[in-house]
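This report describes the architecture of one protein chain. Please look over the sequence and the structure before reading on.

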Amino acid sequence: MPKIGGMSNQERKTELYKLGEFRLIDRLTGSFGKLHETTIMGVGDDAAVVDVGSKYMVITTDLLLEGIHFDLTYFPLKHLGYKAVVVNLSDVYAMNATPTQITVSIGVSKRFGVEDLEELYAGVKMACERYGVDMVGGDTSSSMTGLTISITALGEVSKTDITYRRGAKANDLICVTGNLGAAYMGLQLLEREKRVFESSPGAKPKLEGNSYILERMLKPEVRKDTLQKLRDNKIKPTAMIDISDGLSSDLLHICKNSGVGCKIYADKIPIDSQTAQMAEEFGIEPLVAALNGGEDYELLFTIPLEEFQNVSKIDGIATIGHITAESSGANLISPAGDEIRLTAQGWNALAKE
Ligand SMILES: [Mg+2]
């Protein structure tokens with residue numbers, strides 16, 4: 001068998017977890033140049049941006065692997081199909097764009113029957129209808145193990161509305177849609193009930209009264225209505241990202257790309273009561289779930305300070321702090337007034353077990 005990359009032994013390889021996902025991406029993609037004037041933004045934002053004449057097209061892709069990103073013991077296939085589409089559309093909306101088309105590619109092992117894949121695609125279709133996108137292609141292949149789903153989403157946006165991660169300026173307000181930490185607590189609950197079921201088969205899962213956090217994990221939505229309200233009120237975000245890895249990690253992306261610092265206030269971070277209750281049950285600080293949980297698919301954005309009155313009128317948006325000079329760093333202010341340095345403890349796809 002040929003050795004991968006001509007390496008003679010395992011010792012010469014750098015293990016992936018040592019770099020982490022973002023440094024790995026930098027290392028692999030950093031040397032690629034740009035041949036086409038139409039390439040406006042490459043790697044480094046929620047989606048790539050291509051000039052298609054009067055508008056910009058945004059392109060984003062996501063890979064979901066069984067056992068890494070989802071567990072089919074509690075993830076219904078229809079929900080999975082739905083979520084796989086939504087997580088991609090979330091990145092399109094994060095560019096202030098409107099999604100238009102998707103392609104769907106899957107790898108499936110022999111474990112799956114035609115009816116299973118029909119379930120998966122029923123979820124894909126439901127998301128297409130809900131968000132008004134066309135499914136225009138993809139690829140299907142057999143796989144040695146489990147299920148793999150890769151979706152690419154396209155969207156369009158006017159050249160003046162495009163919003164990157166890099167536009168935040170000192171004194172801008174930091175806003176977030178909806179609430180945070182719910183999907184993470186939903187996941188903790190599902191994992192706990194799975195362990196109970198595995199240790200005593202026949203045990204009934206205790207999921208009642210937690211439909212909100214379960215839905216946030218299994219069937220997330222993007223706040224496209226809130227984005228529309230921003231547009232209706234003529235508020236253009238200066239920077240935007242979707243929260244997939246956790247508030248801390250994603251806010252740090254905005255800070256790094258914009259060359260700024262930030263100050264957010266713990267008591268302003270929106271947390272649903274069901275999230276807080278489940279966090280307490282698990283002995284987790286609700287704030288920690290909100291900061292580091294991830295998979296919220298809420299939108300995090302910055303707006304000019306003078307829009308404060310305007311944005312306060314819109315339901316479903318919380319102002320959680322403001323942008324500062326880069327030299328002040330990224331900080332969280334506790335209810336007692338203490339300053340805590342924000343760190344990216346979000347989910348890391350390459351973390352060592
Ligand atoms: Mg994103």
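The sections below go from the overall fold to single residues.

## Basis of the description

This is a predicted model, in which local features need pLDDT of at least 70 and side-chain atom pairs count only at pLDDT 80 or more, while totals for chains, interfaces and linings use all residues. Residues are numbered from 1 along each chain as its sequence is written.

## Overall fold

The protein contains ten helices and 14 strands; these are DSSP runs numbered from the N terminus, helices being H or I with at least four residues and strands E with at least two. The radius of gyration is 21 Å, close to the 20 Å that the globule rule gives for 353 residues, so the protein is as compact as a globular protein of that length. The radius is taken over C-alpha atoms, and the rule is 2.2 Å times the number of residues to the power 0.38. Along the principal axes, the C-alpha trace spans about 60 × 55 × 50 Å.

Of the 353 residues, 40% are buried. A residue is buried if 20 or more other C-beta atoms lie within 10 Å of its own, exposed if 12 or fewer do, and partly exposed in between, with C-beta atoms placed from the backbone. Among contacts with a separation of 6 or more, 83% are between residues 24 or more positions apart; a contact means that the C-beta atoms of two residues, placed from the backbone, lie within 7 Å.

Domain 1 covers 57–160 and domain 2 covers 173–341, with bounds that come from an automatic or database domain assignment. Their C-alpha centres lie 23 Å apart.

At the interface, 15 residues of domain 1 are in contact with 15 residues of domain 2. Helix H2 (residues 77–93) gives the most to the domain 1 side, with nine residues. That side comprises nine nonpolar, four polar and two charged residues. Here Ala, Val, Leu, Ile, Met, Phe, Trp, Tyr, Cys and Pro count as nonpolar, Asp, Glu, Lys and Arg as charged, and the others, Gly among them, as polar.

## The nonpolar core

The largest nonpolar core has 88 residues, and those with the most contacts inside it are Val58, Val85, Met95, Cys175 and Leu300. Such a core is a set of buried Ala, Val, Leu, Ile, Met, Phe, Trp, Tyr and Cys residues joined through C-beta atoms within 7 Å. H2 supplies the largest share of this core, ten residues. Each of domain 1 and domain 2 contributes at least three residues to this core.

In helix H5 (residues 211–218), the buried residues are Ile213, Leu214, Arg216, Met217 and Leu218. Their cover includes H2, helix H4 (182–199) and helix H8 (273–281).

Five of the five residues of strand E8 (residues 173–177) are buried, so E8 is largely enclosed by the rest of the structure. Leu173, Cys175 and Thr177 point one way, and Ile174 and Val176 point the other. In a regular strand the side chains alternate between the two faces of the sheet. Leaving aside residues up to four places away in sequence, Cys175 touches Phe301, Ile303, Val311, Ile317, Ala318, Thr319 and Ile320.

E8 runs antiparallel to strand E11 (residues 299–303), joined by four bridges; strands count as paired if DSSP finds at least two bridges between them. Within this pair, Ile174 has Thr302 as its bridge partner. E8 also pairs with strand E12 (residues 317–324), antiparallel and over five bridges, where Leu173 stands opposite His322.

## Strand E3 and its partners

Strand E3 (residues 55–65) is joined to strand E2 (residues 48–51) by four bridges in an antiparallel arrangement, with Val50 opposite Met57. Three residues lie between the strands of this hairpin, in which Gly53 takes a positive phi near 110 degrees. E3 also pairs with strand E7 (residues 147–158) in the antiparallel sense, over eleven bridges. There, Leu63 is partnered by Ser150.

Most residues other than glycine have a negative phi. Asn96 has a positive phi near 65 degrees and sits in the loop between H2 and strand E4 (98–108). Asn96 counts as buried, with 25 C-beta neighbours inside 10 Å.

Glu295 also has a positive phi, of about 60 degrees. Glu295 lies in the loop between helix H9 (286–292) and E11, and counts as buried with 22 C-beta neighbours inside 10 Å.
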